Amino acid sequence: MLHEFERILIGPREMGLVDADAAGSGIDSFRLMQNAGEAVAALALARYPDSGRFVVLCGPGNNGGDGYVAAAAFARAGASLCIYGIGSEDLKGDAARARARVEAEVAPLSAYACRPGDVIIDAIFGAGLSRDVPQDVARIIADATKLRLPIVAADIPSGLDGETGEIRGAAFSATDTVTFMARKPGHLLLPGRELCGALHVFDIGIPKRLVMARAGKLWENGPGLFSDALAGPTAESHKYARGHVAVFSGGPTSSGAARLSATAALKAGAGAVTLVSPSEALAVNAAHLNAVMLREADSRAIRAMLGDHRVSAFVVGPGYGVSAALRELALSLLTKPTVLDADALTAFASEPKSLFEAIHAEGATVVMTPHEGEFGRLFPDLASASGSKVERARKAAARSGAVIVYKGSDTVIAAPDGRAAINTNAPADLATAGSGDVLAGITAAMLAHAAPAFEAACAAVWIHGRSGQVAGGGLTAETLVDVIPQAFPEMV
Ligand SMILES: NC(=O)C1=CN([C@@H]2O[C@H](COP(=O)(O)OP(=O)(O)OC[C@H]3O[C@@H](n4cnc5c(N)ncnc54)[C@H](O)[C@@H]3O)[C@@H](O)[C@H]2O)[C@@H](O)CC1
Ligand SMILES: Nc1ncnc2c1ncn2[C@@H]1O[C@H](COP(=O)(O)OP(=O)(O)O)[C@@H](O)[C@H]1O
Ligand SMILES: [K+]
């Protein structure tokens, strides 16, 4: 797997360790702060050359230090400037040094009254915020939001938790955020992503190897994570070599979901797809299918598919109907790579342990694709636990033994070994009936290409998002399926 530095996400705690490592290796930490603050000022000056005044809001820690450096840069540039600080007389270390270099007066933060024309430089708190913001700060955030003032945030909009993307009491909604070396999970997770505005990552001079050494196994999802694991067709390919996906259909009045999964699998590059249908739904399925093959779902057929080495992956759940029979079917499929979606997740709500034990015992390759509701049914304790969506998905993956695709507009993909990715390319147009069924089909196609489960799931989520972009506003699950080949042409 290609670990592009640009896709690395690093938690605020780990970033603190990187800072310490940098200092320990002889790098001048004040120089880093100067680089950070100057980058913030440069961006603000370029973005708002006609600003009435730059209002620099400085907190009590190193984020405030960045603010004082930026303030000095505004003064040097001859820009109109006001500085407000928390505890500006009690700063320590580099922040105190940065403050000492500012000649302009620093007023207490509580004295700041927002006014139209102000451009705010938000250097109050960084990504490691550990509690709700104080009242004074919440009041300024509310006023600035009401006046829609432009806000350039240093590192992260104050009030956002850099680990979880959650709002601690109140948070600025920035027009731009300048962060340093690498993004934090809170820049990508919701609601954080929407509060960062345009996100700029600035290299302040910490060697990349120090950042890599402390980064966990978390990335922004993108082709660098999965393209090595996937291969398009070659001259030697035949249809079964490209993978054969079998999708289980529901009854006659709920067969559309499985058909969407089946056609999505085909469009995503599976060489062959079979819809396995109850006898009473054969007629309706036959009326709607061409390239997708149709087979009656009886125990003989299922046994035959399990024994057929050419059948490479299953999808079960979309439109199937929640029942004990579905639980039994799902458990019987685990000898081959399987996508469990929708009803196949809900069916285990009363006994999730039986599924997880079977996955572990079998060493099965399983991708589960729960939305928020389904996640809560399978992992009720995790759904209500504190911590980030990444942590919840990781725990769910470790507990279940499956790769978890925890859906939403910030879908998180997590593997039992702790690897995780946050997806950022999904447009809101994907919030349409059947779009999840399409994702399940694409995922099975990636598994059928013999991609490992984590890479397959990352690829599928990314292709699904990209397809949503290509299909554009007003998309339906059908138009989404149609554009899959355009979304990732090198694959299919
Ligand atoms: N390698 C890097 O990432 C670098 C980071 N720098 C800056 O350093 C920042 C991190 O500095 P710090 O760890 O000092 O973090 P902060 O600047 O966020 O400050 C933490 C301080 O604020 C207080 N505090 C936290 N939450 C509070 C709340 N809700 N109410 C009141 N007080 C609260 C804490 O007790 C502590 O004193 C980064 O965000 C970044 O801006 C740069 O200066 C240089 C290099
Ligand atoms: N607002 C949104 N922005 C981006 N993606 C979304 C949004 N809402 C839903 N999605 C994506 O669309 C898909 C919906 O799946 P799901 O909830 O199972 O719907 P359905 O059961 O109707 O197919 C998921 O992949 C999800 O991540
Ligand atoms: K900030």
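**Close-up views of a predicted model**

**Helix α18.** Helix α18 (residues 389-400) contains 12 residues, and its first and last C-alpha atoms are 16 Å apart, close to the 16 Å expected at 1.5 Å a residue. (The expected span is 1.5 Å times one less than the number of residues; helices, H or I of at least four residues, and strands, E of at least two, are DSSP runs numbered from the N terminus.) Residues are numbered from 1 along each chain as its sequence is written, while chains are lettered from A and ligands numbered from 1 in the order in which they are written. The model is predicted: local features need pLDDT of at least 70 and side-chain atom pairs count only at pLDDT 80 or more, whereas totals for chains, interfaces and linings use all residues. Which residues of α18 are buried? They are Lys389, Val390, Arg392, Ala393, Arg394, Ala396, Ala397 and Ser400. (With C-beta atoms placed from the backbone, a residue is buried if 20 or more other C-beta atoms lie within 10 Å of its own, exposed if 12 or fewer, and partly exposed in between.) Just after α18, Gly401 has a positive phi of about 80 degrees.

**The two domains.** Domain 1 covers 5-215, and domain 2 covers 223-487; such bounds come from an automatic or database domain assignment. Between the C-alpha centres of domain 1 and domain 2 there are 41 Å. In the interface, 10 residues of domain 1 are in contact (C-beta atoms, placed from the backbone, within 7 Å) with 9 residues of domain 2. The side of domain 1 that touches domain 2 is made up of 5 nonpolar, 2 polar and 3 charged residues. (Ala, Val, Leu, Ile, Met, Phe, Trp, Tyr, Cys and Pro count as nonpolar, Asp, Glu, Lys and Arg as charged, and the others, Gly among them, as polar.)

**The surroundings of ligand 1.** Around ligand 1 there are 30 residues, of which Gly61, Asn62, Asn63, Gly126 and Asp155 are the closest. Two or more residues of this shell are given by each of α1 (12-24), α2 (29-47) and α3 (62-76). The largest share, 5 residues, belongs to α3. By class, the shell around ligand 1 comprises 16 nonpolar, 9 polar and 5 charged residues. (A residue is near a molecule if its C-beta atom, placed from the backbone, lies within 6 Å of it.)

The UniProt record, an unreviewed entry, gives the annotation "binding site" to Asn63, Asp122 and Ser158. These residues are spread over 96 residues of sequence but cluster in space, with a largest C-alpha distance of 9.5 Å. (UniProt positions follow the numbering used here, with feature names shortened, and annotations may be inferred rather than shown by experiment.) Asp122 belongs to strand β4 (residues 118-123). Why does Asp122 count as buried? Asp122 is buried because 30 other C-beta atoms lie within 10 Å. Ser158 is placed in the loop between β5 (151-154) and β6 (176-180), and Ser158 is buried because it has 27 C-beta neighbours inside 10 Å. Beyond four places in sequence, the contacts of Ser158 include Asp122, Ile124 and Phe125.

The shell around ligand 2 holds 18 residues, and Lys407, Ser409, Ala426, Ala431 and Gly436 come nearest. Helix α19 (residues 435-448) supplies the largest share, 4 residues. The classes of this shell are 8 nonpolar, 8 polar and 2 charged residues.

An unreviewed UniProt entry places "binding site" at Lys407, Gly408, Ser409, Asp410, Thr411 and Gly436. The positions span 30 residues in sequence, yet no two of their C-alpha atoms are more than 14.1 Å apart, so they gather at one spot. Gly408 sits in the loop between β15 (403-406) and β16 (412-414), and Thr411 also lies in the loop between β15 and β16. Gly408 is partly exposed, with 16 C-beta neighbours inside 10 Å, whereas Thr411 is buried, with 27 other C-beta atoms within 10 Å. Not counting residues up to four places away in sequence, Gly408 touches His371 and Glu372. Thr411, with neighbours within four places left aside, is in contact with Val405, Tyr406, Asn423, Ala426 and Val461.

Leu190 and Pro191 are joined by a cis peptide bond, with omega about 0 degrees. Pro191 is in the loop between α6 (185-188) and α7 (192-195). Arg148 is not a glycine, yet has a positive phi of about 55 degrees; with 10 C-beta neighbours inside 10 Å, Arg148 is exposed. For Ala450, in the loop between α19 and α20 (453-471), phi is near 75 degrees, a positive value in a residue other than glycine.

How values were computed
Contact = placed C-beta atoms within 7 Å.
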